[in-house]
Amino acid sequence: MTDTPAVSASVDRTAQPWWRSAVFYQVYPRSFADSDGDGIGDLGGVREKLGYLELLGVDALWICPVMRSPMADGGYDVADPRDIDALFGGMAAMDELIAEAHDRNLKVTMDLVPNHTSDQHPWFAAALAAAPGSHERERYIFRDGRGPDGATPPNNWPSIFGGPAWTRITEADGTPGQWYLHIFAREQPDLNWQNPEVAADFEQTLRFWLDRGVDGFRLDVAHGMAKPDGLPDMVRVETKMLVHDDSDPRFNNPNVHDIHRRIRKVLDEYPNAVSIGEVWVDDNTRFGEYVRPDELHLAFNFRLAETEFAADPVRAAIDNSLAAVAPVGASPTWTLSNHDIEREVTRYGGGPVGVARARAMIMVELALPGAVFIYNGAELGLPNVDDLPEAVLQDPVWERSGHTERGRDGCRVPIPWEGAAPPFGFTTAEQSWLPIPPEWASSSVEAQLEALGSTLSLYRLAIELRSVRPEFAGPRIEWYGSPSGCLAFRRPGGLVCVLNASPVPISLPPGDVLLVSAPPVNGQLPANAAAWMV
């Protein structure tokens, strides 16, 4: 194998803040573990499973929204950002979880939602009761409709979940009134971040949780809070969040960076805290702006999560992710799945092939410099569940699309913990909030925990090696020549990672095998497999 020029990433992981090279474990609380027998996961369940997460070897938790909410969008519609919903156990459960996690040397980060509130938030109730142009309405984005009777929405923006991004209200006197903006569901009115009261309240929320011991935040829709002056029509009307150019005025407005600089000033008062942005921005220069030294600490780059299992696209995604953060000295982030996208096993073809490819790709991710995010259940090799009964679907996409798009429930099915039949120890109730497939018995934590060849065991060993072996040091990678359909790179510390995405076994480069995702065949790395060499 021959060298190609190195690709720079961030500064060396040694003597750096904990989050630069951390392994984060994303917990979708309602699907992780249920401690009170209502069929829905909660914070008590997370706390009961902290031993498992400690055993897995992760550094930090990212907990999806658990604040008080009517749950119109799985908790991303927040009615009180400074309280924990009773569904998840209330504030006491959160305090207990933080304390025990810290006792186990696990960091706790939580989701915050700065772009919008619930329509059940006291502010929105006050806005509905107040008059057009009032102080109460200025906290949100209310506008008069177009046309002589105001019956047409103020612009042509669509909601991410389908339909228009505007809903018309009935005024207090019973007449048709103004429209309010909701980039997501109508139960999620967008906040007006040009209003100083909105920014001040969010700062209060940040300090509230940091003072309670939270170690940082994942900021939902971190590229969306600033809206352009005049709210112009979209040139090309699309619902998606992924921005390929400048034609979508809903996201990535330059004024969003002033918001992030203000947020960063608060986090800098807490030296070990981290902010992680959900940033759907394709352009590398604009992506890098979000992780400048005075803005977000980390931002999600979803390139790998959107990439097919093939060597050239994977290599391109890696190069792109590294190049996006290098000019500003930020750490790259890597993830293969989350609560919003199809699980990688299914995305890579499903069945044994999908599992094999997912095993290979987690080794690729863990070999790269930067922070890695694992979605709960990925360590078990779980697939999407795309045949859930229509009667159980809860994602707002299902309703908003007129039952034409099933939405994201398929990647949110609860975790199987133990036993031979659903609900596999997830709950003591007869059934979980989304049904768990009976065939997941062989994928449960219990079934995999002591099986040396299991996906769970591979994750455990790979995470441990990454944390203790000096070969993983260094801020960059060097690409090596490799057979067609394969890729290989080297870390400055000496680790070589090889991915065989070709249909045939390949010979490994010289060196000792540290770990493989699949057993060698006649001394060769099989198809759909990865290896670490030293």
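Is tryptophan 209 buried or exposed? Select it and see: tryptophan 209 is buried, with a relative accessible area of 0% (buried means under 20% relative accessible area, exposed over 50%, and partly exposed in between, with a 1.4 Å probe and protein chains only).

Before going on, some ground rules. This is a predicted model, in which local features need pLDDT of at least 70 and side-chain atom pairs count only at pLDDT 80 or more, while totals for chains, interfaces and linings use all residues. Residues are numbered from 1 along each chain as its sequence is written, and side-chain values use heavy atoms, with hydrogens and water left out.

**Stop 1: colour by confidence**

Colour the chain by pLDDT, the predictor's confidence in each residue, from 0 to 100. The mean for the protein chain is 94, and 96% of its residues reach 70 or more. Residues 1-14 are below 50, and this stretch has 50 contacts in the model beyond near neighbours in sequence (contact means heavy atoms within 4.5 Å). Where pLDDT is low, the predicted coordinates should not be read in detail.

**Stop 2: around tryptophan 209**

Return to tryptophan 209 and show its surroundings. Beyond its neighbours within four places in sequence, tryptophan 209 is in contact with residues including Met67, Pro81, Ile84, Met91, Met94, Met110, Leu112, Val214 and Phe217. Arg82 and Asp83 are also among its contacts.

Now zoom out to the core. A nonpolar core is a set of buried Ala, Val, Leu, Ile, Met, Phe, Trp, Tyr and Cys residues joined through side-chain atoms within 4.5 Å. The largest one here has 145 residues, and those with the most contacts inside it are Phe24, Tyr25, Trp209, Ile318 and Trp532. Select residues 351-367 next: this is helix H10, which supplies the largest share of this core, eight residues (helices, H or I of at least four residues, and strands, E of at least two, are DSSP runs numbered from the N terminus). Trp157, Leu181, Leu231 and Phe251 belong to a second, separate core of 16 residues.

**Stop 3: aromatic rings**

The whole structure holds 20 aromatic pairs. Rings of Phe, Tyr and Trp (its six-membered ring) pair if their centres lie within 6.5 Å; planes under 30 degrees apart count as stacked, over 60 as edge-to-face and the rest as tilted. Why is the pair of phenylalanine 208 and tryptophan 209 edge-to-face? Their ring centres are 4.9 Å apart and their planes stand at 90 degrees, so the pair falls in that class. Phenylalanine 208 is partly exposed, at 24% relative accessible area.

For a group of rings, select Trp18, Phe24, Trp62, Trp280, Phe300, Phe302 and Phe373, which form one aromatic cluster.

Two rings have a charge above them. A charge sits over a ring if NZ of Lys or CZ of Arg is within 6 Å of the ring centre and within 35 degrees of the ring normal. Lysine 49 lies over the face of tryptophan 417, 4.2 Å from the ring centre. At arginine 347, the charged end is over the ring of tyrosine 348, 5.3 Å from its centre.

**Stop 4: buried polar side chains**

Pick histidine 182, in the loop between strand E9 (176-181) and helix H5 (196-211). Histidine 182 is buried, with 0% relative accessibility. A polar atom of its side chain lies 3.1 Å from the backbone oxygen of phenylalanine 184, and the side chain also reaches the backbone nitrogen of arginine 186 at 3.5 Å.

Move to serine 331, in the loop between helix H8 (311-325) and strand E13 (333-335). Serine 331 is buried too, at 1%. Its side chain makes a polar contact with the side chain of arginine 20, at 2.9 Å. (A polar contact is a pair of N or O atoms within 3.5 Å; within protein, one must be able to donate a hydrogen and the other to accept it, and residues adjacent in sequence count only if both atoms are side-chain atoms.)

**Stop 5: backbone details**

Finish in the loop between H11 and H12, where proline 423 lies. The peptide bond from proline 422 to proline 423 is cis, with omega near 5 degrees. Phenylalanine 424, found in that loop as well, has a positive phi of about 55 degrees although it is not a glycine. Phenylalanine 424 is buried, with a relative accessible area of 1%.
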